[in-house]
Amino acid sequence: MSQYNEYSTEQIRSMDKAHVWHHLTPGAAAEKGMPLFVKGEGLDLWDIEGNQYLDASAGGVWVTNVGYGRKEIVNAISEQLMQLNYFAGSMASKPAAVFADRLIDKMPGMQRVFYASSGSEANEKAFKMVRQISHKEYGGKKHKILYRERDYHGTTIGALSATGQLQRRDQFGPFVPGFIEFPHCFEYRSQFGATEDYGLKAAQLMEDVILREGPDTVGGVIIEPITAGGGVILPPEGYLKAVEQICKKYDILLIVDEVVCGLGRTGKWFGYQHYDIQPDIVTMAKGVASGYAAISCTVTTEAVYKRLQEDSADDKMGFFRDISTYGGCMAGPAAAAANMTILEEENLLENCATLGKTLLDGLKTLQAKYPIIGDVRGIGLLCGIELIKDPDTKEPVDESVAIQVVNACKQAGLLIGRTNRSFDEYNNIVNMSPALCITEAQLERVLDILGEVFASLPEPK
Ligand SMILES: Cc1ncc(COP(=O)(O)O)c(C=O)c1O
């Protein structure tokens, strides 16, 4: 018997309106009422009134990589919690050991897994590692952390200090000192106009910032392998390899934020693995357990781990003195291991790569028909459409147009995402990131509905 059976739909709606503070949503919008989902299966969702939706957003924010209603994960969590739900991560546990071993198997060159419970937190751990290494080895001087314009790294003040999205940061300052922005690598809006070696030039922009700040002051660089919320921006040719080389040259730790791209979203286990680079630290959350439990991982090389392990009479402070209470919650790694089994047994990385290409091709067909679609970008099942007023100027449409597209899709039973109050002028991108178990028929429906929505839009002014 469900603990919610005693409540009517009206009561639930009214309790929600009275007491729940919805994420990223102003009160007036929430007041109008929004879908209140009660059930999910695969990519299908049902709201409390019984309306059905096809979810091409993986839970709104790129989370449910293996889809809804996965009994195997629920059972794995339930079995683990009946045995033992929790002990602090300072002790060992079966699920933490087993998932770490399986994860590291997918990440050549990486060795150690630090558990916590959110993407922001995973990045905070990485920042603390850089800072502690700076104190231990460089007298605190090599403490600066560089982040890239348009990337997002989380909601905590530290992670927001490392976020290159003006509207996401606005009104939350002052920020943490020592976080420095470098320019984006977004070829569609190239800083150099059309140029053949854009990737190398964009990487040079990062090196320029390192040289300006002083390489002996920079300890870390954080990047998303593919910028997700900032507009689905793929690194241009040669860019990430050059970034890796520049970091090596100046003894700077390369942190790759795989919170969105990790665990199959791009058709490989990790986004960075498309680009032949070896990070020092990799962070991940969302798809690690597809939203069945809250878990994040900060994964490091053995070299980084070793730099933070001293414990002697001379140096009592030399190891990584960090803990997150919920990094010890055993539901997380239990769910993550079952999630990984599904990805493997159902060949979902392959499905993601194949159907991701179909999705991208379908979106490009729409682009050829509708001039409002300025650019279509994607890799695997992470795709974005940039909406513009005029193909010559590439002037972005107002955020309200992206909202209109998302709402029209919702009206037609399809859920997609968008850049949400992230930039002053570039909230003009809608995105698709269905669960990796999407079928061809479902993909066709996504494209059909998008086609109908674009056909119904007025000509851009
Ligand atoms: C690339 C990236 N990093 C970090 C985060 C923060 O993760 P969380 O919301 O779990 O703290 C997000 C969230 O959307 C993200 O997209």
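Me: How far apart do the C-alpha centres of domain 1 and domain 2 lie?

Reply: This is a predicted model. In it, 26 Å separates the C-alpha centres of domain 1 and domain 2. Domain 1 covers 35-66 + 347-456, and domain 2 covers 72-345.

Me: What makes a residue part of the contact, and how many residues does the contact take from domain 1 and from domain 2?

Reply: Two residues are in contact if their C-beta atoms lie within 7 Å. By that test, domain 1 gives 31 residues and domain 2 gives 30 residues. On the side of domain 1 that touches domain 2, the elements giving two or more residues are α3 (58-62), α13, β11, β12 and β16. Helix α13 gives the most, with 5 residues. That side of domain 1 divides into 15 nonpolar, 11 polar and 5 charged residues.

Me: Why is strand β12 called largely enclosed by the rest of the structure?

Reply: A residue is buried if 20 or more other C-beta atoms lie within 10 Å of its own. In strand β12 (residues 382-390), 7 of the 9 residues are buried, so the strand is largely enclosed by the rest of the structure.

Me: How do you know that β11 and β12 pair?

Reply: Two strands pair if there are at least two bridges between them. Strand β11 (residues 373-379) and β12 have 6 bridges, in the antiparallel sense.

Me: What makes both faces of β16 count as covered?

Reply: Ile429 and Asn431 on one side are buried, and so are Val430 and Met432 on the other. Strand β15 (residues 417-418) is joined to β16 by 2 bridges and runs antiparallel to it. Arg418 has Val430 in β16 as its bridge partner.

Me: Why are β1 and β14 said to stand at the edges?

Reply: The open sheet has 4 strands in the order β1-β2-β3-β14, with mixed pairing. β1 (37-41) and β14 (414-415) each have a single partner strand, so one side of each is left without a neighbour in the sheet. Strand β3 (residues 52-55) is joined to β14 by 2 bridges, and the two run parallel. Leu54 has Leu414 in β14 as its bridge partner.

Me: Is Ile372 buried or exposed, and how do you know?

Reply: Ile372 has 23 C-beta neighbours inside 10 Å. The cut-off is 20 or more, so Ile372 counts as buried. Ile372 lies in the loop between α13 (348-369) and β11. The C-alpha atoms of Ile372 and Pro391 are separated by 7.7 Å, and the two residues are 19 apart along the chain.

Me: Why does Val232 count as buried, and why is Asp251 called partly exposed?

Reply: Val232 has 26 C-beta neighbours inside 10 Å and so counts as buried. Asp251 has 13 other C-beta atoms within 10 Å. Exposed would need 12 or fewer and buried 20 or more, so Asp251 is partly exposed. Val232, not a glycine, has a positive phi of about 50 degrees and is found in the loop between β7 (218-223) and α10 (239-249). Asp251 has a positive phi near 60 degrees and lies in the loop between α10 and β8 (253-257).

Me: What makes the peptide bond that joins Gly173 and Pro174 stand out?

Reply: That bond is cis, with omega about 0 degrees. Pro174 is found in the loop between α8 (166-169) and β6 (179-182).

Me: How many residues surround the ligand?

Reply: There are 16, and the closest are Ser118, Gly119, Ser120, Gly154 and Val259. The shell divides into 6 nonpolar, 8 polar and 2 charged residues. Helix α6 (residues 119-138) supplies the largest share, 3 residues.

Technical notes: Residues are numbered from 1 along each chain as its sequence is written. This is a predicted model: local features need pLDDT of at least 70, side-chain atom pairs count only at pLDDT 80 or more; totals for chains, interfaces and linings use all residues. A residue is near a molecule or strand if its C-beta atom, placed from the backbone, lies within 6 Å of it. Ala, Val, Leu, Ile, Met, Phe, Trp, Tyr, Cys and Pro count as nonpolar, Asp, Glu, Lys and Arg as charged, and the others, Gly among them, as polar. Domain bounds come from an automatic or database domain assignment.
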